[in-house]
2 protein chains.
Amino acid sequence: MLNEIIEILKKDKIKWSEFENSFKEKKIPSKTILLEAGKISNYVYLIKKGCLRSWFNKDGKDITFQFFFENQPVASIDSFLNNQPSLFTIESIEPSIIISISKSNFEKLYNLYPEFKEVFYDYLFKRFRNYAELFLSRIKDTPKERYEDLVKNHPDIIKRVPQHYIASYLGITPVSLSRIRNRK
Amino acid sequence: MLNEIIEILKKDKIKWSEFENSFKEKKIPSKTILLEAGKISNYVYLIKKGCLRSWFNKDGKDITFQFFFENQPVASIDSFLNNQPSLFTIESIEPSIIISISKSNFEKLYNLYPEFKEVFYDYLFKRFRNYAELFLSRIKDTPKERYEDLVKNHPDIIKRVPQHYIASYLGITPVSLSRIRNRK
DNA sequence: TTCATTTCTTAACAATTGTTAATGTAGTAA
DNA sequence: TTACTACATTAACAATTGTTAAGAAATGAA
């Protein structure tokens with residue numbers, strides 16, 4: 001989404017020069033928190049290199065429910081849109097390079113580029129379906145089924161993400177995931 | 001949401017006369033399917049009287065994940081917005097009176113009333129948070145905790161909805177819910 | 001390299017749930 | 001009323017998971 005926007009912007013060199021500095025790039029080490037649960041999101045991020053996860057706290061433990069990789073936009077959309085405290089934390093899993101854009105610059109873009117607004121809403125709607133699918137899968141499928149789906153359809157995640165995060169993503173303990181892996 | 005729109009419309013009697021017939025009211029018996037999983041949603045509904053649930057199929061059994069009551073708008077928003085097959089079915093639990101509005105009329109409203117579009121997007125954003133909360137609760141809390149939350153915060157649902165739907169909503173079998181209820 | 005930390009596996013036991021099936025109960029229609 | 005249907009409870013057993021704890025393996029830093 002942000003990628004497309006940047007492309008749109010670059011075609012218009014005059015305006016691009018105005019926004020070039022809005023897209024701030026920063027290097028972050030592993031386990032850096034970009035947005036903390038309970039705080040209101042003022043940024044949207046784009047991952048240039050690396051990997052993030054979103055998680056929330058449950059009785060002192062953290063439960064991961066999404067992973068993000070290169071070229072994906074990441075935000076607590078709900079917090080960003082509704083100006084409400086984020087329900088979850090966004091944190092890096094690996095050392096990463098992140099492009100961030102502030103809400104105020106985001107709104108400037110909004111006003112200058114009508115096509116941007118459309119791209120953004122399209123993205124939102126798709127994200128809505130995404131959420132619904134994630135939700136339904138989490139309800140519908142057993143941890144074992146969801147693990148096998150990961151192995152089949154997202155081997156990259158399996159390879160790249162530490163297993164205890166995956167366990168948490170599957171809704172089970174690392175112990176239980178280890179059992180599933182060695183059961184067959 | 002639809003309620004507010006109707007109120008806005010009624011203030012403008014000329015336009016209201018144009019739309020009055022768009023809001024079709026119908027009586028439906030229990031277990032009537034308003035939208036079937038896999039089909040594209042062409043309507044938004046408002047519950048005047050009665051109660052609905054949304055569910056999807058898992059190995060021949062149905063899993064309920066939301067309940068809707070009087071004055072609530074109901075739709076497969078994702079399907080409606082993205083023109084994609086609905087991920088779930090919407091069905092009545094009780095004999096109900098439903099107001100429905102078609103997508104084409106919805107779009108007419110869109111174009112005539114700028115304030116409608118805003119109300120609608122506000123609703124969408126809120127719905128987004130709603131989904132996130134529902135999702136997080138389903139992940140975070142045990143069936144027992146979620147049942148106790150229902151008893152405390154939504155006793156109306158407990159009273160009104162057959163127990164096996166509630167069990168399914170909690171992610172467990174009716175047998176297991178019965179055990180939870182009689183454990184304390 | 002070596003040491004320390006993080007991550008993963010394995011084991012034993014308790015707790016919860018699913019499954020199947022039988023029984024009980026309430027409401028509805030003839 | 002009776003019979004039927006839908007719904008809820010209970011029991012027994014299997015399967016899965018959580019918990020705790022110990023040890024193995026991998027990773028990263030000095």
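User: Which element gives the largest share of the surface near DNA strand D?

Analyst: Happy to start there, with the reminder that this is a predicted model. A residue counts as near the strand if its C-beta atom lies within 6 Å of it. By that test H9(B) supplies the largest share, 5 residues.

User: Which residues around DNA strand D come nearest?

Analyst: There are 18 residues around DNA strand D, and Ile172(A), Val175(A), Ser176(A), Gln163(B) and Ser178(B) come nearest. Two or more residues each come from helix H6 (143-153) and H9 of chain A, and from helix H8 (163-170) and H9 of chain B. Sorted by class, this surface holds 7 nonpolar, 7 polar and 4 charged residues.

User: Why is the relation between chain A and chain B called a two-fold axis?

Analyst: Chain A is superposed on chain B by a rotation of 180°, with 0.0 Å of shift along the axis and an RMSD of 0.0 Å. That is the relation of a two-fold axis. If you want to find the axis in the model, look at Phe135(A): among the residues of chain A, its C-alpha comes closest to the axis, at 2.9 Å.

User: What makes you say that the copies meet through the same surface?

Analyst: Contact here means C-beta atoms within 7 Å. Of the interface residues of chain A, 100% are also interface residues in chain B, so the copies meet through the same surface.

User: How many residues does each chain bring to that contact, and which element of chain A gives the largest share?

Analyst: Chain A brings 23 residues and chain B brings 23 residues. On the chain A side, strand E4 (52-58), strand E5 (61-68), helix H3 (77-82) and helix H5 (114-140) each supply at least two. H5(A) gives the largest share, 12 residues. By class, the chain A side has 13 nonpolar, 3 polar and 7 charged residues.

User: Why is chain A called as compact as a globular protein of its length?

Analyst: First, the make-up: chain A has 9 helices and 8 strands. Its radius of gyration is 18 Å, close to the 16 Å that the globule rule gives for 184 residues, so chain A is as compact as a globular protein of that length. Along the principal axes, its C-alpha trace spans about 60 × 30 × 30 Å.

User: What makes E3(A) and E8(A) a strand pair?

Analyst: Strands pair if there are at least two bridges between them. Strand E3 (residues 43-49) and strand E8 (residues 96-102) of chain A are joined by 6 bridges and run antiparallel. One place to look is Tyr43(A), whose bridge partner in E8(A) is Ser102(A). E3(A) is also joined to strand E6 (residues 73-74) of chain A, antiparallel, by 2 bridges. There, Leu46(A) stands opposite Pro73(A).

User: In chain B, why are E1 and E6 called edge strands?

Analyst: The strands of this open sheet follow the order E1-E8-E3-E6, with antiparallel pairing. Strand E1 (24-28) and strand E6 (73-74) of chain B each have a single partner strand, so one side of each is left without a neighbour in the sheet. Helix H4 (residues 103-112) of chain B packs on the sheet, touching E3 and E8 of chain B, and its direction makes about 60° with that of E8(B).

User: Which order do the strands take in the sheet of chain B that holds E2 and E5, and which strands stand at its edges?

Analyst: The order is E2-E7-E4-E5, an open sheet of 4 strands with antiparallel pairing. Strand E2 (33-35) and strand E5 (61-68) of chain B are at the edges with a single partner strand each, so each has one side without a neighbour in the sheet. On average, neighbouring strands are turned by 35° against each other, direction ignored. E2(B) pairs with strand E7 (residues 89-92) of chain B over 2 bridges, in the antiparallel sense, and Leu35(B) has Ile90(B) as its bridge partner. H8(B) packs on this sheet, touching strand E4 (52-58) and E5 of chain B, at about 95° to the direction of E5(B).

Notes: Residues numbered from 1 in each chain as written. Chains lettered and ligands numbered in written order. Predicted model: local features only at pLDDT ≥ 70, side-chain atom pairs only at ≥ 80, totals over all residues. Least-squares fit on C-alpha atoms with pLDDT ≥ 70 in both. Contact = placed C-beta atoms within 7 Å. Nonpolar A, V, L, I, M, F, W, Y, C, P; charged D, E, K, R; others polar. Axes fitted to C-alpha atoms, helices over the stretch in contact; angles between N-to-C directions. Rg over C-alpha atoms; globule rule 2.2 N^0.38 Å.
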